[in-house]
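Here is my note on this model, as numbered points. Please read it with the structure open.

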Amino acid sequence: MENIRKIFAEKFGSPGSVYASPGRINIIGEHTDYNGGFVLPGAVDKGMVAEIKFNGLEKCRVYSIDLNEYSEFGLEEQDAPKEHWAKYIFGVCREIIKRGKSIKCFDSAFAGDVPLGAGMSSSAALESTYAFALNDMLDLGFEKMELAKIGQATEHNYVGVKCGIMDQFASIHGKAGHLMRLDCKSGEFEYVPFDPEAHGYKVCLVDTCVKHALVGSPYNRRRESCERVVKAIQAKHPEVEFMRDAEYEWIDEVIGQVTTEDYIRALYARQEVDRLLEACTAMEKGDYELAGRRMYGTHIGMQVLYEVSCEELDFVNEVAKECGVTGSRVMGGGFGGCTINIVPVDKYDNFISTVQAKYREKFGINCKIYPVVISDGARKLA
Ligand code: GAF
């Protein structure tokens, strides 16, 4: 924060207000959000921080401290700025305006410590920071869920990723020491106390530091596969709105009408809804062993049916099994990034040193370890 204050003063003069919004983890429930299912995320202690001040000009002037890049845009412009990161901020402004509110141009500098491309939602953290800040500074009156939807619409309309609501939801609603069990169909959610250490476990992420396919297209293709299967099912079962609503039997009924690829994607999504519910119930009873088995099940589903894992993630997952890790799986959208691991306290140190050594030996690069600290969501810092 001190650094942001200093750089903001150098670039833009008198101080503004400072806001922050975190990245997220997700214990289980992956690619379920846009399938109308459940997710179980928590906000983390890594996020984006932005200083913002209205400038009375016709342009917003924004500076990315981490990239040492500067971008300018007018609020009435239709085309997003060319800097990729600036599209997120521009998109948030445009989505607020589309909802009938007027906002003013601002100067801003921001920085963050959410690892990029690690599946921890650095982009949602950025969107949420600006959505939350503008709502607060201009007293726009948006509910928190609407702020999350503004971030999601930014991804859809200005970045090209047809994401679900999980990441922006978690970044805005996060609460220290709590996960959030969100029903993505109804929008209802509850805070679930999360204290793995009280049960003898530590939670950490292993970042493979690889990002294979890129933003956008493979992710969107997964979503389209599920939507095609839903459409086929609807011919006989019009009550099915999302994959989450389908009986397994109904998915099988359309085997002859959809491609095998679409079928296995849909099957994964439907199974993942059940796995999440079983894992949630198990964790509520303190049964981390059963929750962990469901996490391994998710990994296999993401590897074999949804095909969003990669060699490095599968390797880390295997090492976790060998080290007696209770639950481990690829986290987030996939195609690289992190695994999330629930590790018995007495096996933690051995797991960390083993996975680091084996990963370096196999791939010639270091993986990174992030202990998970569940923290508060979007907030004003100063
Ligand atoms: C990405 C998306 F942004 C989320 O909406 C979610 O679908 C996730 O991948 C997979 O669960 O983070």
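1. Start with the record. UniProt lists "domain: GHMP kinase N-terminal" (unreviewed entry) at residues 88–175. UniProt positions are given in the numbering used here, feature names are shortened, and annotations may be inferred rather than shown by experiment. Residues 88–175 are 58% helix and 8% strand, with end C-alpha atoms 24 Å apart. Helices (H or I, at least four residues) and strands (E, at least two) are DSSP runs, numbered from the N terminus.

2. On provenance: this is a predicted model, in which local features need pLDDT of at least 70, side-chain atom pairs count only at pLDDT 80 or more, and totals for chains, interfaces and linings use all residues. Residues are numbered from 1 along each chain as its sequence is written.

3. Two further domains come from UniProt. The feature "domain: Galactokinase N-terminal" (unreviewed entry) is placed at residues 8–52. That span is 11% helix and 53% strand, and its end C-alpha atoms lie 9 Å apart. The feature "domain: GHMP kinase C-terminal" (unreviewed entry) sits at residues 282–343. Here the chain is 53% helix and 19% strand, with 16 Å between the end C-alpha atoms.

4. Next, the six-stranded sheet. It is open and mixed, in the order S5-S4-S6-S3-S1-S13. Strands pair if DSSP finds at least two bridges between them. Strand S5 (69–73) and strand S13 (379–380) are at the edges with a single partner strand each, so one side of each has no neighbour in the sheet. Strand S3 (residues 41–54) and strand S6 (residues 106–112) run antiparallel, joined by seven bridges. Met-48 has Gly-112 in S6 as its bridge partner.

5. Two helices lie across strands named above. Helix H1 (residues 2–12) lies across strand S1 (17–26), S3, strand S4 (60–64) and S6, at about 150° to S6. Helix H5 (residues 166–173) lies across S1 and S3, at about 125° to S1. Axes are lines fitted to C-alpha atoms, for helices over the stretch in contact; angles run from 0 to 180 degrees between N-to-C directions. Contact requires C-beta atoms, placed from the backbone, within 7 Å.

6. The three-stranded sheet is open and antiparallel, in the order S2-S7-S8. Its edge strands are strand S2 (38–39) and strand S8 (189–193), each pairing on one side only. S2 pairs with strand S7 (residues 178–183) over two bridges. Phe-38 has Asp-183 in S7 as its bridge partner.

7. Check the helix pair too. The axes of helix H10 (residues 311–322) and helix H11 (residues 345–363) come within 10 Å and cross at roughly 145°. By class, their contact has eight nonpolar, one polar and three charged residues. Ala, Val, Leu, Ile, Met, Phe, Trp, Tyr, Cys and Pro count as nonpolar, Asp, Glu, Lys and Arg as charged, and the others, Gly among them, as polar. On the H10 side the contact includes Phe-315 and Val-319; on the H11 side, Phe-351 and Tyr-359 are among them.

8. Last, the ligand. Which residues surround the ligand? They are Glu-30, His-31, Asp-33, Tyr-34, Ser-121, Cys-163, Gly-164, Met-166, Asp-167, Gly-332 and Gly-333. A residue counts if its C-beta atom, placed from the backbone, lies within 6 Å of the molecule. The shell has three nonpolar, five polar and three charged residues.
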